[in-house]
Amino acid sequence: MDNQFIFKYSWEILPKKWVKKMERSEHGNRSDTNTDYPFQLLCFLKLHTYTRVQVSIDICGVDYPSRKRRFEVVYNLLSTRYNSRIRVQTSADEVTRISPVVSPFPSAGRWEREVWDMFGVSSINHPDLRRISTDYGFEGHPLRKDLPLSGYVEVRYDDPEKRVVSEPIEMTQEFRYFDFASPWEQRSDG
Amino acid sequence: MIAPTTRKDLMIVNMGPHHPSMHGVLRLIVTLDGEDVIDCEPILGYLHRGMEKIAENRTIIQYLPYVTRWDYLATMFTEAITVNGPERLGNIQVPKRASYIRVIMLELSRIASHLLWLGPFMADIGAQTPFFYILRERELIYDLFEAATGMRMMHNYFRIGGVAADLPHGWIDKCLDFCDYFLTGVDEYQKLITRNPIFLERVEGVGIIGSEEALNWGLSGPMLRASGIKWDLRKVDRYECYDELDWEIQWQKEGDSLARYLVRISSRRNSRGPYENLEIRRFNRIKDTEWNDFEYRFISKKPSPSFELSKQELYVRVEAPKGELGIFLIGDQSVFPWRWKIRPPGFINLQILPQLVKRMKLADIMTILGSIDIIMGEVDR
């Protein structure tokens, strides 16, 4: 499947303060790093001859509310030269700011805006940090686990005011959760 | 003669969220100096539906109807990737027959998507005729899908472990007829469009992306292949049963809109090849015991409806007609995934738009936007 070459090589070459832990699994290799160093690590991976990771496929945020540093920012990378993929992960909490990786990977501009918009993890000196997917006046960061699925406001068109207004949400029915352990079993409270 | 320069301000024009062509809701704020474009800023988010958050609260089987709404023109790819993720996590092997059916459906979907890219692209440039021609072919594909899956566009067909139902009797012959007919259709497009001088004027040399730049910006799919890099996930990753089939990567060198058009047209012609091979092989059944065993008779392995995702992370990808569609999946030992990140090709391919339209004329924006081939459903999710 994946070529293990850049993984093994970078594990040997990289200074240990950049990389906290490296793990390999059949589903893809990952390396964990500290918040201060993703920029350096990704620059190294991009420019070094034997790793040549030129494509940043994806930057993703994950929320683990039970951890102290609750967010994890995952950089998925691809090297077309060696046909291999590697994942770099950093953890951050609500106030940590990570360094943007826009200069080596211009495609990261939008991904980092999305991580900011959805989770609230901001970048220092990002050229353009604004909301990208949520509505114009939206407050909150949607993909955090503490924001409920239905959100807090609903929008409707208000005829007297002739525009769309946002109002606190009003649900006539409680949100039903369908996570039965087996389809023949119902939730006990209906 | 020097014209008096009385205009000192730049004009800011809003190419509003709604478009007459089928791009979807994309707002472009374009800064113009006369007809030259100084800057262009796309604003997304008009079709954001919270697909990722919804995925954290649905089981896979409940989530399948949602995924066809990301890229509503190439729906089989989104379904394929949604089931590929949990299959890899659970190490489930798909029976051969199901794999073949999946490949046939995926290639039909690829043809359908490229067709519906071509129509609006030509309509943006000004040629209204191809729009009707593509709909004629696309209706044939819709009929095939309806016969096999029950729905014309939003089929809920793929399942973890295979597909939902077997193909009806006689479907294969209809499909082969479609292949033969489609070849004449592609020839018609070639005759009508490819050497048309008006088309070439509009499209040649517009929006050139070099190969280094294409890699840096993370492009994928036909955009990368049009800039000279032969990267196709079907060859590289060898997923499903693509390595049993015999076909070649289509690519061009120049990197302008014409090259992107040529890559897509030729990849359409190319898609037919694999599944013709496939169908003939699969259905020339000899009374052989090999054909009667598990691999060839069953269309899926049925997991329980409450399929649990183990606590691992995984990035699966598929070569969608727009580029590399990926899912980054983190399971949590429960029926709901912990994080379901969608990596849409359109989102990344759209990033290069402001870069490409600088120094172009206003009319070229639509050409470049059309040749990037975006669907807002997947860009915004």
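Q: Looking at this predicted model, are Lys322(B) and Asp71(B) buried or exposed?
A: In this predicted model, Lys322(B) is buried, and Asp71(B) is buried as well.

Q: What do those two form with each other, and how far apart are the closest N and O atoms?
A: Lys322(B) and Asp71(B) form a salt bridge, in which the closest N and O atoms are 3.5 Å apart.

Q: OK, what about Arg339(B) and Glu52(B)?
A: Their side chains also meet in a salt bridge, with an N to O distance of 3.1 Å. Arg339(B) belongs to strand S8 (residues 339-343) and Glu52(B) to helix H1 (residues 51-55), so that distant parts of chain B, 287 residues apart, are linked by the pair.

Q: Why does Arg339(B) count as buried?
A: Arg339(B) has a relative accessible area of 2%, and buried means under 20%. Glu52(B), at 4% relative accessibility, counts as buried too.

Q: What about Arg136(B) and Glu137(B)?
A: The side chains of Arg136(B) and Glu137(B) meet in a salt bridge as well, at 3.3 Å from N to O. Arg136(B) is partly exposed, with a relative accessibility of 32%, whereas Glu137(B) is buried, with a relative accessible area of 0%.

Q: How many salt bridges are there over all chains?
A: The count over all chains comes to 17 salt bridges.

Q: Changing topic, how many helices and strands does chain B have?
A: Chain B has 16 helices and eight strands.

Q: And how much of chain B is buried?
A: Of the 381 residues in chain B, 60% are buried. The accessible surface of the chain comes to about 14,900 Å², and 53% of that surface belongs to carbon and sulfur atoms.

Q: Last one: what share of the contacts in chain B join residues at least 24 apart?
A: If one takes the contacts between residues at least 6 apart in sequence, 70% of them join residues at least 24 apart.

Note on methods:
Residues are numbered from 1 along each chain as its sequence is written. Chains are lettered from A and ligands numbered from 1 in the order in which they are written. This is a predicted model: local features need pLDDT of at least 70, side-chain atom pairs count only at pLDDT 80 or more; totals for chains, interfaces and linings use all residues. Side-chain values use heavy atoms; hydrogens and water are left out. Helices (H or I, at least four residues) and strands (E, at least two) are DSSP runs, numbered from the N terminus. Buried means under 20% relative accessible area, exposed over 50%, partly exposed in between (1.4 Å probe, protein chains only). Contact means heavy atoms within 4.5 Å. Accessible areas come from the Shrake-Rupley method with a 1.4 Å probe; for residues, only the protein chains shown count as cover. A salt bridge is a side-chain nitrogen of Lys or Arg within 4 Å of a carboxyl oxygen of Asp or Glu.
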